[in-house]
Amino acid sequence: MELKFSKVERKGPITIITLSRPEVYNALHTDAHFELQKVFDDFATDPEQWVAIVTGAGDKAFCAGNDLKWQAAGGKRGWDKGGFAGLTSRFDCDKPIIAAVNGVAMGGGFEIALACDLIIAAENATFALPEPRVGLAALAGGLHRLPRQIGLKRAMGMILTARHVSAKEGQELGFVNEVVPQGEALAGALRWAEMITKNSPMSIRASKQAIQRGLGVSLEQAIAEQRDYPAVQAMAASQDYIEGPKAFSEKRPPKWVGK
């Protein structure tokens, strides 16, 4: 598949996905959404790829969200089942995804970051859900993810005012994991990804799936049902499930195979 609006690089088991429309601050339109749907499909189904990082081309923007100029000029709107950027409605990927936010993350761009499992932000990063300023609403997950991640009142304060939030405040609010110097968002995200890949990918997928599914039910139900989750059962049936305790007893680093 020829990529026109994104770039994909693989470093061992880590996939780096770069939103690549720098001339419009990496804002996305319909064709970009469908392209990214395929990119994330490929990552999700590739057994050799364990962690993904999403970032933006250039040094000014992660993603400015929906391409409003495209829309205003009559460009068609829409995306595939994975949602905005092929990601915001993707609830079946158990592999970790990290946002390396290297500049503005506005509207849909912030919603992409919120859909990731971790956010590593450069100190010049800026976050907002400014849709009300242009007669829209953050319906690609932002209105639901932000309150769940930082609490209702703090989320309302951002959403109803459409105000911009710095990387530092984002960390204080709780949706940013780490703030790094300008220009080092991708390097920071790679550091986190490499730490993740030291662990069993089967255990990581089981953990992510258990968290995601467990948050949708009561604590009692989550604990009672967690061993029936597909990724948890796959972990228990994997070679990694044997290798981990064996390596520990032999006092050596484990050799994960991810199956």
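## Strand E5 and the cysteines

Strand E5 and strand E7 (residues 118-122) run parallel and are joined by four bridges. Two strands count as paired if DSSP finds at least two bridges between them. Helices (H or I, at least four residues) and strands (E, at least two) are DSSP runs, numbered from the N terminus. Across this pairing, Val101 stands opposite Ala121 in E7.

Please keep in mind that this is a predicted model, where local features need pLDDT of at least 70, side-chain atom pairs count only at pLDDT 80 or more, and totals for chains, interfaces and linings use all residues. Residues are numbered from 1 along each chain as its sequence is written, and side-chain values use heavy atoms, leaving out hydrogens and water.

E5 also has strand E3 (residues 51-56) as a partner, and these two pair in the parallel sense over four bridges. Here Ile53 has Ile98 in E5 as its bridge partner.

Is E5 (residues 97-101) covered or open? The strand is mostly covered, with five of its five residues buried. Buried means under 20% relative accessible area, exposed over 50%, and partly exposed in between (1.4 Å probe, protein chains only). Ile97, Ala99 and Val101 point one way, while Ile98 and Ala100 point the other way.

Now to the cysteines. A search of the whole structure finds zero disulfides, a disulfide being a pair of cysteine sulfur atoms within 2.5 Å.

Cys63 is buried, at 0% relative accessible area, and Cys116 counts as buried at 9%.
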